[in-house]
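Let's take a friendly walk through a protein model, one topic at a time. Keep the picture open while you read.

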Amino acid sequence: MKIELTLNNRRELFDVAPDEMLLDTLRQHGLKSVRRGCDTTTCGVCTVLVDGLAVPSCSYLSVRAEGKHVTTVEGILEEAEKLSEHFGDEGADQCGFCNPGIALSVHALKHHVNNPGEAAIKDALTGHLCRCTGYVSQLKAIKAYLEADEDE
Amino acid sequence: MKIHEYHRPDSLEHAYTLLQQDKHNALIGGGGWLKLSKITMEKAIDLAALDLDYIKEDSNAIRIGSMTTLATMDNHFLFDTFYSGMLKDAIHGVMGVELRNIVTLGGTIMGKYPFSDILTPLITLDCELEFYKEGVLPLTDFLNRKTRVNDILVELRIKKHKGTGYFKKIAKTALDFAILNVAVTYSEGLYKIAVGSRPGRAKLALNAMQSLYESNTPDFKKAATKACEELTFGTTHRSSETYRKDLAMEYISRGLKAVTPYED
């Protein structure tokens, strides 16, 4: 099936199978930041934004993305780099496998919640499994990033 | 999961016609659990283009379109206070926001999932479902029906009674399915108690509810014991039958206490 969507602000055409998941379409397109973790909607490493909403791409049919805006971490690079500096400062950046998914969820949080506090950040982290940390360093890093972002 | 053909009809009639064509044709709601199922669909019928993503309110009921996502419900002001925010508590505990952004209310209802945290509070409320051809059906009748309803769920209507509510999900981690979930409501002199993930699907404890209704001085411990006697519990890898029963006993009592209006 031929579908057209806007991927990281560029119109792209894809030929997808009816049961193909967005994760596979994006990875076949070379976007290896979108990762396959549990493949069952639990771990969050496959998170992408569809029309600004964070969704698990492992369980999102590619055909459903037709006409929509899809964003991966490559589409928010400047923002992700700033966030990763805070991750580094707090020691939240260990293997880094879960970082792209978290960066996209933080982006969505910033755009959907006014002045997100600790509870909102924890909520945004709930859908992400990190096997290196205990989430405290990530919580601190995201908090610092959001504060710095507000000051800019 | 295998899909041979994908269709996104632009009318309910078209969607319904496709559904009736072949028993291997099936509807797609949010698609959150699609990947985990072993289904093979000849034609997958996506309901995304039917404008069924809405939350409306009239004088009698809150009307929620079947394609409304759990995230939309979670963020809607109506559920902040309705029955003490019970539905919001239940929705908010479903996985992370990423999954809530795709899972739909209609998919949750039609799936009749035994682990559902949403069905448990819903059956304590006065709810009815509107199907495209079958018309209106009380939620509990639909859930108890043994045969498959081969129709399209259009919306859920929750009657706007005034009441208080309590919901508790007990799970080993935030992302796990519930070992048990409990919902208790009180409205106009009537208590309702529902227990889900027992591991069976959510059920009302009708005998316990009746005894509370008949008593002038309700005994919550006694009602919880009665509820645990009439409901069945089982053992799975998540929990033993005894543990589930103990949890139910405690959280039903707490729920009854929480929803009871304070009297001077």
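## Opposite charges that pair up

First, a term: a salt bridge is a side-chain nitrogen of Lys or Arg within 4 Å of a carboxyl oxygen of Asp or Glu. Over all chains, the structure holds 27 salt bridges. The background idea is simple: side chains of opposite charge can pair when their charged atoms come close.

Before we go on, some housekeeping: this is a predicted model, where local features need pLDDT of at least 70 and side-chain atom pairs count only at pLDDT 80 or more, while totals for chains, interfaces and linings use all residues. Residues are numbered from 1 along each chain as its sequence is written, chains are lettered from A and ligands numbered from 1 in the order in which they are written, and side-chain values use heavy atoms, with hydrogens and water left out.

## Two pairs in chain A

Start with A:Arg36, which forms a salt bridge with A:Asp24, their closest N and O atoms being 2.4 Å apart. This pair links distant parts of the chain, 12 residues apart: A:Asp24 belongs to helix 1 (22–28) of chain A, and A:Arg36 to the loop between helix 1 and strand 3 (47–50) of chain A. Helices (H or I, at least four residues) and strands (E, at least two) are DSSP runs, numbered from the N terminus.

A:Arg36 is partly exposed because its relative accessible area is 36%, and A:Asp24 counts as partly exposed because it has 21% relative accessibility.

Now find A:Asp149, which forms a salt bridge with A:Lys110; the closest N and O atoms are 3.3 Å apart. Again the pair links distant parts of the chain, with A:Asp149 in helix 5 (residues 136–151) of chain A and A:Lys110 in helix 3 (residues 99–112) of chain A, 39 residues apart. A:Asp149 has a relative accessible area of 24%, so it is partly exposed. A:Lys110 is partly exposed too, with a relative accessible area of 23%.

## A network in chain B

Over in chain B, B:Glu155 forms a salt bridge with B:Arg157, and their closest N and O atoms are 2.7 Å apart. Both B:Glu155 and B:Arg157 are buried. Through salt bridges that share partners, B:Arg63, B:Glu128, B:Glu130, B:Glu155, B:Arg157 and B:Lys159 are joined into one network.

## Strands side by side

Two strands pair if DSSP finds at least two bridges between them. In chain B, strand 10 (residues 180–187) pairs with strand 11 in the antiparallel sense over 7 bridges. Strand 9 (residues 164–170) of chain B also pairs with strand 10 of chain B in the antiparallel sense, over 7 bridges.

You can trace single residues here. B:Asn181 is the bridge partner of B:Lys169, and B:Asn181 also stands opposite B:Gly196 in strand 11 of chain B. Likewise, B:Val195 is the bridge partner of B:Val182 and stands opposite B:Lys203 in strand 12 of chain B.

## Under cover

How many residues of strand 10 of chain B are buried? The count is 8 of its 8 residues. In a regular strand the side chains alternate between the two faces of the sheet. For strand 10 of chain B, one side has B:Leu180, B:Val182, B:Val184 and B:Tyr186, the other has B:Asn181, B:Ala183, B:Thr185 and B:Ser187, and all are buried. Strand 11 (residues 190–196) of chain B is largely enclosed by the rest of the structure, because 5 of its 7 residues are buried.

Technical notes:
Buried means under 20% relative accessible area, exposed over 50%, partly exposed in between (1.4 Å probe, protein chains only).
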